[in-house]
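Here is a friendly walk through the side-chain contacts of one protein model. Take a look at the sequence and the structure first, then read on.

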Amino acid sequence: MLKITLRGIRAHVARLVLTALVVLMGVSFIVSVQVLTDTQRDGVADAFTEVGKGIDAVVRSTDTIPSQFGGPPKRAPVADDVLTVARSAPGARLVVGAVSEQTRLIGPDGTPIDPPIGGGPLLALNWIDDPQLSQWHIVDGAPPTGDRDVAIDAGIAEDRGLAVGSAVSVPAAAGAEAFRVSGIARFGTARNYQGASAVLFATPTAQRLFVAPGKFTFLLASAKPGTTPDDLVASLRRTIGVNRQAQVLSGEAWLKETADAISQILAIVNSFLQAFGYVGLFVATFIIYNTFSIVVAQ
């Protein structure tokens with residue numbers, strides 16, 4: 001029996017190799033998906049821990065607006081009058097308006113600069129000149145101050161060969177708008193926004209392009225020394241009141257909520273990719289069954 005088996009293997013080496021390869025591919029795909037999504041999930045948790053340093057409270061709108069392509073609804077913008085009132089809250093060291101929206105960037109040659117495969121989205125942010133509420137800092141050039149200035153993260157600059165003075169453009173409602181790279185920025189010691197690529201504009205420009213003049217995606221607040229984050233949240237709630245359609249939550253709760261939402265998306269992607277792996281294993285099982293049926297018949 002052993003001699004017959006070895007003779008059959010020698011006679012059909014290609015069939016044996018292909019069968020083993022199909023099984024290996026199916027199992028490897030499922031294992032790779034599990035490792036990838038687990039790594040991304042841990043990366044999201046670590047990233048938001050870094051992003052949230054110094055953020056004691058967040059103010060956002062209670063209203064939601066439908067998102068494009070049938071996705072989950074997103075928060076409506078926060079008006080600048082809420083920012084004005086929030087800055088008067090006792091215990092607040094600083095309250096700033098933040099713009100954070102997805103965008104696209106077009107290089108000097110007219111081709112889109114897309115984030116790397118497997119990386120995060122390309123975010124349009126406003127430049128916040130406070131090291132506690134924003135860890136962005138310029139490593140070459142200058143921060144964006146003019147209406148045609150943009151700072152890009154070091155990852156985009158290094159990967160795409162861009163430098164201070166490079167011409168880029170951003171899609172807008174009235175067509176692509178041209179900008180000049182005024183500076184190269186890093187987020188702490190990282191090349192980008194903890195996995196997501198980013199371009200940073202002066203606040204009025206970011207509002208005009210991605211939200212609306214005088215409005216923000218949300219507000220970020222830090223507490224004075226001796227004021228706890230919970231005390232600041234309570235103070236902001238009392239100061240803003242209930243008639244401004246604004247919700248105040250701690251920075252920790254906001255970051256956890258955002259990270260959980262991303263983890264849910266990763267779980268959906270994981271299930272989708274695993275389905276392909278199981279299809280591959282089913283095909284491998286079918287091939288093995290037919291192969292052994294032929295071998296037995298022979």
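## A salt bridge between D147 and R208

The side chains of D147 and R208 meet in a salt bridge, with N and O 3.4 Å apart; the term stands for a side-chain nitrogen of Lys or Arg within 4 Å of a carboxyl oxygen of Asp or Glu. D147 sits in the loop between β10 and β11 (149-153) and R208 in helix α5 (residues 203-210), so the bridge ties together parts that are 61 residues apart in sequence. Helices (H or I, at least four residues) and strands (E, at least two) are DSSP runs, numbered from the N terminus.

D147 is partly exposed, at a relative accessible area of 38%, and R208 is partly exposed too, at 34%. For these labels, buried means under 20% relative accessible area, exposed over 50%, and partly exposed in between, with a 1.4 Å probe and protein chains only.

A word on the source: this is a predicted model, where local features need pLDDT of at least 70 and side-chain atom pairs count only at pLDDT 80 or more, while totals for chains, interfaces and linings use all residues. Residues are numbered from 1 along each chain as its sequence is written, and side-chain values use heavy atoms, with hydrogens and water left out.

## E158 and its two arginines

Side chains of opposite charge can pair when their charged atoms come close. Which residue forms a salt bridge with E158 at 3.5 Å between the closest N and O atoms? That partner is R186. R186 lies in strand β13 and E158 in helix α4 (residues 154-160), so this pair ties together parts that are 28 residues apart in sequence. R186 counts as partly exposed at 22% relative accessibility, and E158 is partly exposed with 46%.

E158 also forms a salt bridge with R191, the closest N and O atoms being 2.8 Å apart. R191 belongs to the loop between β13 and β14, so its pairing with E158 in helix α4 ties together parts that are 33 residues apart in sequence. R191 is partly exposed, at 32% relative accessibility. Elsewhere, salt bridges that share partners join D147, R148, E177 and R208 into one network. The structure holds eight salt bridges.

## Aromatic pairs

How many aromatic pairs does a search of the whole structure find? There are four, counting rings of Phe, Tyr and Trp (its six-membered ring) whose centres lie within 6.5 Å; planes under 30 degrees apart count as stacked, over 60 as edge-to-face and the rest as tilted. The ring centres of W136 and F187 are 5.4 Å apart and their planes meet at 65°, so this pair is edge-to-face. W136 lies in strand β10 (residues 136-141) and F187 in strand β13 (residues 177-187), so the pair ties together parts that are 51 residues apart in sequence. Both W136 and F187 are buried.

F179 and F201 form another edge-to-face pair, 5.2 Å centre to centre with 70° between the planes. This pair links F179 in strand β13 with F201 in strand β14 (residues 197-201), 22 residues apart. F179 is buried at 4% relative accessible area, and F201 is buried at 0%. Ring pairs link F179, F201 and F210 into a cluster. R148 lies over the face of F179, 5.4 Å from the ring centre; a charge sits over a ring if NZ of Lys or CZ of Arg is within 6 Å of the ring centre and within 35 degrees of the ring normal.

## Core and buried contacts

The largest nonpolar core has 40 residues, and L105, I152, V199, F201, L219 and L236 touch the most other members. Such a core is a set of buried Ala, Val, Leu, Ile, Met, Phe, Trp, Tyr and Cys residues joined through side-chain atoms within 4.5 Å. Helix α6 (residues 229-240) gives the most to this core, with four residues. Leaving aside neighbours within four places in sequence, F201 is in contact (heavy atoms within 4.5 Å) with residues including W127, F179 and F210.

W127 is found in the loop between β9 (122-126) and β10, and is buried with a relative accessible area of 13%. Not counting residues up to four places away in sequence, W127 touches residues including W136, P144 and F201. S182, in strand β13, is buried at 5%. Among the residues that S182 touches, beyond four places in sequence, are D140, P144 and V164.
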